Amino acid sequence: MSLNQSMNIALGSIRNHQYALSVVSQNIANLNVENYHKQRVNFATNEYTSDCDSVLSTIRGMNGASISSLSNYIDNGKFKNLLNSKSDADYYNTLANQLSGLEDISDDLGEGGLNALLNEFFKASGALEQMPSDISTREQFVNAAQNVVDKFGDISAKYDKIKDNSIEEAKTATDNVNKLLEELVEINKAHIKNGGTTTTQAQINTILEELSTYIPITTDTNQNGSVNLYINGINVVEGAKQRYSLDLKVDKDDINNTISFGLKSIENPDYIITKGVTESLTKGSLKGYVDFLNGENSSFSNVNSLKASLNSAANAFCTELNKIQNYDDGKSFAASITTDNDGNLILEKATTPFIDTIDGTNDFRADNIKINDDILSNPYKVSAARINLDDFNGSDWTKAIGNSDNAIEFSALQNKNICSVGDGVNNATLSQFLIHSASKSGGDLNKINSKAKTYNDIYQTDANNYANLIGVNLDEELSDMIRYQRAFEASARVFTTVNDLMGTILSMV
């Protein structure tokens with residue numbers, strides 16, 4: 001090997017290790033940058049030309065080493081797994097957050113809420129049995145009924161508030177998705193312009209990970225390094241161009257305010273693809289809102305099904321009260337109290353319903369019921385008596401104001417199966433229904449929280465594994481820095497030695 005070759009090899013080695021040190025420095029500088037992919041310098045022996053196969057010719061033909069490539073620690077398969085586990089985790093996180101609001105309402109259903117007021121109502125009906133003509137007893141009975149009715153309305157309003165909040169959260173999430181899509185396009189442009197730097201690659205991956213929080217996505221990479229993004233197989237972002245945005249529709253004509261998603265064309269906003277888009281939401285937070293609001297997943301409670309059950313219970317309760325209040329089977333009938341011309345209390349056949357609807361229809365919903373105004377202003381209108389004319393043998397039944405047979409029926413309602421739980425029909429009392437509803441919300445939340453923890457653990461494991469693969473390890477970088485620095489110093493010493501040797505030789509000539 002000639003001195004000139006040795007000098008060139010040493011000079012090349014100095015440059016190689018100087019560049020390697022700059023790569024290590026860049027890795028360390030990006031230590032805390034999310035989704036930054038560490039880089040490694042790859043060396044390769046320079047090609048040489050030899051006219052013969054002798055060992056001497058091979059040695060003389062050696063030409064040192066050069067940097068062959070930079071390795072980015074990217075594993076698209078592991079990154080896709082990371083996106084999938086992120087979508088799974090946020091689906092259950094969203095459901096858990098929504099269901100926690102329903103569990104709060106459980107207190108309003110159970111022993112500290114509606115069920116307690118219901119017990120007070122039946123306690124008041126028992127007092128009415130004992131003193132059917134006492135006005136203060138009647139007032140207490142009406143007030144107890146009013147408290148039950150008001151609580152039905154209060155719980156219904158809370159369901160509505162939870163539903164409205166969930167819709168607003170879904171709107172915000174949709175806006176966030178569209179902002180991220182716009183950001184992806186801009187970073188794709190920067191990535192193309194800058195020739196695909198590790199910084200813009202890290203930004204692209206960060207956006208993809210954020211998007212997977214909301215919605216399942218698939219991607220592929222163009223030759224220029226930009227990313228194409230697909231939702232439901234539709235090309236939403238095509239490199240540096242956005243073709244669609246996400247569109248959310250709330251069906252106001254549906255009493256349950258169901259939601260659905262579509263993809264709106266950027267070039268023609270009137271064109272919206274809706275077919276299969278909502279159904280393609282198999283994971284992510286938007287899927288959580290769909291399941292919670294639309295109630296299409298029967299494996300856990302949702303706001304619409306719970307409100308429907310509450311309405312059914314309110315309807316059953318109010319219908320039964322009115323049946324008792326205005327009972328008439330042709331042989332016996334319910335009677336309320338009025339006064340005769342002399343101001344004496346007497347009975348009259350009941351004609352006033354106990355419960356009315358707020359809107360004047362026959363739709364007894366939890367948010368559409370009230371105590372009849374006449375009963376509120378005159379509790380004597382409550383039908384505590386039940387008259388069977390055969391029992392009076394022609395005597396004046398209107399004088400029997402101490403009759404409390406109808407009040408007994410109000411009390412008996414406590415043990416009557418008028419509600420449905422599970423797959424049964426009218427297989428539970430109202431109290432049993434309320435206890436079941438309260439416990440179901442809590443049980444469903446526990447199940448979802450358990451699944452959320454499982455999928456969060458899976459995501460965290462995937463995230464840690466991926467971070468370990470692509471991330472900067474300070475110990476590794478310091479080790480490489482020392483190794484490259486020592487090699488740099490050794491190459492510089494060789495260069496200096498050869499240079500001195502050449503100088504000595506030239507001075508001898």
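**Entry 1: the second largest pocket.** I am working with a predicted model, and I began with its second largest pocket, which holds about 260 Å³ of space. I looked up the lining and found 14 residues, with Ser305, Leu306, Ser309, His436 and Lys440 the closest to the centre. Helix 8 (303–325) and helix 11 (430–470) are the elements that each give two or more residues to this lining. Helix 11 has the largest share, with four residues. I then sorted the lining by class: four residues are nonpolar, nine are polar and one is charged.

**Entry 2: the cavity.** How many cavities of 30 Å³ or more are there? I found one. The largest cavity has about 40 Å³ of space. I noted its lining as Leu109, Tyr159, Leu306, Ser309, Leu310, Phe433 and Ser437. Helix 8 and helix 11 turn up here too, as the elements that give two or more residues to the cavity lining. This time helix 8 gives the most, namely three residues. By class I wrote down five nonpolar residues, two polar and no charged.

Entry 3: A reminder to myself: in soluble globular proteins, nonpolar side chains tend to be buried together. In this model, the largest nonpolar core has 101 residues, and Phe152, Leu229, Ile259, Leu286 and Phe317 touch the most other members. Helix 5 (residues 135–193) supplies the largest share of this core, 19 residues. Another core of 10 residues lies apart from it, including Ala335, Ile337, Tyr380 and Ala400.

**Entry 4: the strands.** Strand 4 (residues 227–231) pairs with strand 5 in the antiparallel sense, over four bridges. Their hairpin has two residues between the strands, and asparagine 232 there takes a positive phi near 55°. Is strand 5 mostly covered or mostly open? I found it mostly covered, since four of the five residues in strand 5 (residues 234–238) are buried. On to strand 6 (residues 241–242): two bridges join it to strand 5, and the two run antiparallel. Here valine 237 stands opposite glutamine 242. This hairpin also has two residues between its strands, and glycine 239 in the turn has a positive phi of about 65°.

Methods:
Residues numbered from 1 in each chain as written. Predicted model: local features only at pLDDT ≥ 70, side-chain atom pairs only at ≥ 80, totals over all residues. Heavy atoms only, no water. 1 Å grid on protein atoms, 1.4 Å probe; cavity = no way out; pocket = protein on both sides within 12 Å on 5 of 7 lines; lining within 4 Å. Points joined across faces, edges and corners; volume = space filled by probe spheres on them. Nonpolar A, V, L, I, M, F, W, Y, C, P; charged D, E, K, R; others polar. Core = buried A, V, L, I, M, F, W, Y, C linked by side-chain atoms within 4.5 Å. Buried < 20%, exposed > 50% of the residue type's maximum accessible area, 1.4 Å probe, protein only. Pairing = 2+ DSSP bridges.
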